[in-house]
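Please read the points below alongside the sequence and the model.

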Amino acid sequence: MKILGKSLNRKQEKQLQNGIRICIQILFFILMPSVFTSAFSGVKYIFTAIGLHNIVELNAFVKVLIGILLYTIVFGRFFCGYACAFGSIGDWLRRIYKAICDKLKKKPIAIAPRVGAVLRYLKYLILIAIVCSCFGGVYKATTGYSPWDVFSMLRSGNLKLSGYIPGTVILGLILIGMCLEDRFFCRFLCPMGAVFSILPILPLFTITKNSDNCLNGCNGCHRNCIAGVQPADRSNYKIEGECLQCGQCVGNCPKKNIHTSVRGIKGNEFWFVLLRALLLFLLMTVLGI
């Protein structure tokens with residue numbers, strides 16, 4: 001990869017990739033922390049309206065939901081990997097926890113891959129439960145139990161949480177889980193993550209690899225993946241809905257065998273990340289976030 005005419009080695013590429021990702025996460029966390037809650041409010045509104053036999057209006061929440069869903073279909077779960085406030089906090093807490101473990105010379109605690117493979121279905125059950133409660137008109141009875149409502153209140157500086165004690169406790173447990181496992185909330189509990197993972201992702205801009213060029217027994221892309229998945233193979237383009245498009249596999253591949261599918265982008269993932277971030281920022285700005 002070349003940046004401003006200077007060739008970068010693998011270590012420099014990885015450092016640049018991580019630095020850019022952190023900068024984008026901070027930017028969206030400061031300027032657009034409510035995208036997740038707005039989109040999820042759109043989901044709740046739609047099923048509540050259907051349950052009440054009301055017309056589903058194209059309100060602000062539904063517009064954000066439609067916008068982020070269309071963006072995800074085209075670019076994959078880039079929003080999850082770079083712009084979701086919940087996901088960003090999870091990454092930061094995990095880094096802090098691992099740094100503390102390194103300082104203490106202790107191995108970080110992590111959930112076994114087999115257990116994680118089972119737990120990831122929990123978010124679908126949570127989504128179904130929320131959808132059913134909205135459809136049945138009883139979701140309001142859960143007020144005070146929502147961790148993302150508590151997060152939104154804290155993010156806005158509202159500390160009046162006396163009516164949200166259960167939600168505060170749940171949020172605290174989620175934060176602990178984020179320390180102990182990469183993307184704990186995103187992989188196992190996030191209802192919007194469940195929505196995103198079942199979308200038909202177009203293969204045009206997704207991260208793929210050519211398995212024929214992989215080193216025997218390497219599997220580095222899977223071992224270093226914060227979502228615990230493999231990049232799609234270019235031979236069949238079977239897109240993994242759990243992929244967060246974070247690009248960690250791109251920087252960790254010893255043979256530089258993992259790239260975005262489109263010609264011309266290969267080797268220029270740095271610029272493509274910035275382009276996708278800009279497009280997402282403009283989209284959310286147009287939608288009023």
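His53 is exposed, because its relative accessible area of 74% is over the 50% cut-off. This residue belongs to the loop between α2 (35-51) and α3 (60-75). The model is a predicted one, and the points below are grouped by topic.

**Residues with a positive phi**

- His53 has a phi near 60°, which is a positive value in a residue other than glycine.
- Most residues other than glycine have a negative phi.
- Lys105 likewise has a positive phi, near 60°, and is not a glycine.
- Lys105 is placed in the loop between α5 (85-104) and α6 (113-119), and it counts as exposed at 78% relative accessibility.
- Gly157 follows α8 and has a positive phi near 85°.

**Helix α3**

- Helix α3 contains 16 residues, and the distance from its first C-alpha to its last is 22 Å, close to the 22 Å expected at 1.5 Å a residue.
- The N-terminal end of α3 is capped by Asn59, which has a side-chain oxygen 3.1 Å from the backbone nitrogen of Phe61.
- The buried residues in α3 are Val62, Val64, Leu65, Gly67, Ile68, Leu69, Tyr71, Thr72 and Phe75.
- The packing partners of these buried residues of α3 are α2, α4 (78-83), α11 and α14 (269-286).

**Ser197 in helix α11**

- Ser197 is part of helix α11, which covers residues 191-197.
- With a relative accessible area of 12%, Ser197 is buried, because this value is under the 20% cut-off.
- Not counting residues up to four places away in sequence, Ser197 touches Arg77, Lys123, Tyr124, Gly241 and Glu242.
- One of these residues, Tyr124, is joined to Ser197 by a polar contact of 2.6 Å between the side chains.
- The side chain of Ser197 also reaches the backbone oxygen of Ala194, at 2.9 Å.
- Between Ser197 and Gly81 there is a separation of 116 residues in sequence and, from C-alpha to C-alpha, 13 Å in space.

**Gln248 in helix α13**

- Gln248 is located in helix α13, residues 248-252.
- Is Gln248 buried or exposed? Gln248 is buried, since its relative accessible area is 12%.
- Leaving aside neighbours within four places in sequence, the contacts of Gln248 are Gln17, Asn18, Arg21 and Asn224.
- With Asn18, Gln248 forms a side-chain to side-chain polar contact of 3.2 Å.

- Which residues make the nonpolar surface patch of about 350 Å²? The patch is made by Ile26, Leu27, Ile30 and Leu31.
- Leu31 lies in helix α1, which spans residues 10-31.
- Leu31 is partly exposed, because its relative accessible area of 47% falls between the cut-offs of 20% and 50%.

**Helix α8**

- Helix α8 covers residues 147-155, and its buried residues include Pro147, Trp148, Val150, Phe151 and Met153.

Technical notes
Residues are numbered from 1 along each chain as its sequence is written. This is a predicted model: local features need pLDDT of at least 70, side-chain atom pairs count only at pLDDT 80 or more; totals for chains, interfaces and linings use all residues. Side-chain values use heavy atoms; hydrogens and water are left out. Helices (H or I, at least four residues) and strands (E, at least two) are DSSP runs, numbered from the N terminus. Buried means under 20% relative accessible area, exposed over 50%, partly exposed in between (1.4 Å probe, protein chains only). A polar contact is a pair of N or O atoms within 3.5 Å; within protein, one must be able to donate a hydrogen and the other to accept it, and residues adjacent in sequence count only if both atoms are side-chain atoms. Contact means heavy atoms within 4.5 Å. Patches are made of residues with over 30% relative accessible area and no salt bridge: like charges are joined within 9 Å, nonpolar side chains (Val, Leu, Ile, Met, Phe, Trp, Tyr) within 5 Å. Accessible areas come from the Shrake-Rupley method with a 1.4 Å probe; for residues, only the protein chains shown count as cover. A salt bridge is a side-chain nitrogen of Lys or Arg within 4 Å of a carboxyl oxygen of Asp or Glu. The expected span of a helix is 1.5 Å times one less than its number of residues.
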